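Here is a short briefing to read alongside the model. Keep the structure open as you go, and follow the residues by topic.

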Amino acid sequence: MRRGTKRLALPSLNTKHLFRMTDSTGILQHAKYSVPNYKEGYTTDDNARALIVALKLYEKTGDKSYLDLVYRYMAFLYNAYTEDGFFRNFMNYSRVFLDEKGTEDCFARSLIALSYVYSSEILDSSIKELAYVMLKRSLRNVLHLSYPVSIAYSVVALSILHDIKEFSSEAKMYLEALSEKLLNFYRKHSDENWKWFSDKLTYANAIIPYALFRAFAVTEKEKYLKVAKEALDFLSGILFENGFLRVIGNRGWYEKGKERPYFDEQPIDACDCLIAYTEAYKITEEKEYREKALKAFKWFLGENIHKTPLYDEKTGGCKDGIEEDGINQNQGAESTICYLLARLFIEELVKSEEKNKEVV
């Protein structure tokens, strides 16, 4: 609402660093400060995420420079695509892939990106046809996924495809099968004091309850909503300290029954929290979720343990994380893309509330 929007002080949309990090091949993986680091090459992970951001920006603005990025990132995904429907991930600066098959997360993130492309109402049919061909071959691989985060990413992709007639029945079948896998993980590992899908909190945690909220939206099965809420509320109880977000650090992660390690906090987790809380608020209309979504965005702007912004308004980049002794000053692709995604999602939340208020 307008009161919330004023309090948020939404920064202007700055995509300079997105363009700076992108060359004729795709988006580069890392930066040294704000300078692209050619030595580290590229990943399909980052190009899949960048494809989603570029498409959202093109749909929002109609600016053809974003359409150019959509084609560039889409070309990278097609180059990474393998005959068995998986994706290679790491490419050096000489445009040589360093692996024969990427991770499950890489595969599932690529599915989300392709699902956004195929479901877009603004893209030309020719690029959508390529997304269709890739999706048809890749979707059969989702049932072989074994990690909760990868399964959750795939559920998100399937929830997008469910609304498209060419994929509707297939997507719903796979979505329910994967959602049941998540529930089985939950039953196996959760107890009265630990409401989670494994015995360890690692990275991108919020994407799992987010996926189950999406599964509920598709199927209207209350069991998905119940676990989504329980898990997200459990996660919230851990992540919010002294009124601001402290995402799980990557120094050994947080194992059940052990002391929680702090640092290094990474933008991907703040972004996924924002997306999960936004979806939870949309479905439940519980204002607590809205407030947590706003706090997750404010993490980028300085409401964090070091009271220092990660988002750099001058460059348009986002710094790579919160370390014990300060902020990692490098502005890599993942961090910048996650900030832009968070920025777009929070704007959508604010605008939808303003629209609803006008209707009332």
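## Briefing on the predicted model

The accessible surface of the protein in this predicted model is about 15700 Å², and carbon and sulfur atoms account for 48% of that area. The protein has 13 helices and 10 strands. Its radius of gyration is 19 Å, close to the 21 Å that the globule rule gives for 360 residues, so the protein is as compact as a globular protein of that length.

**Overall build**

- Taken along the principal axes, the box filled by the C-alpha atoms is roughly 50 × 45 × 45 Å.
- Of the 360 residues in the protein, 60% are buried.
- Among contacts with a separation of 6 or more, 64% are between residues 24 or more positions apart.
- The side chains include 51 positive and 53 negative ones, and the centres of these two sets lie 3 Å apart.

- Ser-115 sits in helix H5, which covers residues 104–119.
- Why does Ser-115 count as buried? Its relative accessible area is 0%, and buried means under 20%.
- Once neighbours within four places in sequence are left aside, the contacts of Ser-115 are Leu-135, Ala-157, Ile-160 and Leu-161.
- Leu-183 belongs to helix H8, residues 168–189.
- With a relative accessible area of 3%, Leu-183 is buried too.
- Which residues does Leu-183 touch, not counting those up to four places away in sequence? They are Leu-212, Lys-223, Tyr-224 and Val-227.
- Leu-183 and Pro-148 are 35 residues apart along the chain, and their C-alpha atoms are separated by 9.9 Å.

**Thr-278 in helix H11**

- Helix H11 spans residues 267–284 and holds Thr-278.
- Is Thr-278 buried or exposed? Thr-278 counts as buried, because its relative accessibility is 9% and the cut-off for buried is under 20%.
- The side chain of Thr-278 reaches back to the backbone oxygen of Leu-274, at 2.7 Å.
- Beyond its neighbours within four places in sequence, Thr-278 is in contact with Ala-293 and Leu-349.

**Tyr-42 in strand E3**

- Strand E3 is made of residues 42–43, and Tyr-42 is part of this strand.
- Tyr-42 counts as buried at 2% relative accessibility.
- A polar contact of 2.6 Å links the side chain of Tyr-42 with the side chain of Asp-23.
- The C-alpha atoms of Tyr-42 and Ile-207 are separated by 24 Å, and these residues are 165 apart along the chain.

**Backbone features worth a look**

- Where is there a cis peptide bond? One joins Phe-263 and Asp-264, with omega at about -5 degrees.
- Asp-264 lies in the loop that runs between strand E8 (254–255) and H11.
- Asn-242 is not a glycine, yet its phi is positive, near 55 degrees.
- The loop holding Asn-242 is between strand E6 (240–241) and strand E7 (244–245).
- Asn-242 is exposed, because its relative accessible area is 75% and exposed means over 50%.
- Trp-253 also has a positive phi without being a glycine, at about 60 degrees.
- Trp-253 is found in the loop between E7 and E8.
- What does 21% relative accessibility make Trp-253? Trp-253 counts as partly exposed, because that class lies between under 20% for buried and over 50% for exposed.

Notes
Residues are numbered from 1 along each chain as its sequence is written. This is a predicted model: local features need pLDDT of at least 70, side-chain atom pairs count only at pLDDT 80 or more; totals for chains, interfaces and linings use all residues. Side-chain values use heavy atoms; hydrogens and water are left out. Helices (H or I, at least four residues) and strands (E, at least two) are DSSP runs, numbered from the N terminus. The radius of gyration is taken over C-alpha atoms; the globule rule is 2.2 Å times the number of residues to the power 0.38. Buried means under 20% relative accessible area, exposed over 50%, partly exposed in between (1.4 Å probe, protein chains only). Contact means heavy atoms within 4.5 Å. Accessible areas come from the Shrake-Rupley method with a 1.4 Å probe; for residues, only the protein chains shown count as cover. Lys and Arg count as positive and Asp and Glu as negative; His and the chain ends are not counted. The place of a charge is taken as NZ of Lys, CZ of Arg, CG of Asp or CD of Glu. A polar contact is a pair of N or O atoms within 3.5 Å; within protein, one must be able to donate a hydrogen and the other to accept it, and residues adjacent in sequence count only if both atoms are side-chain atoms.
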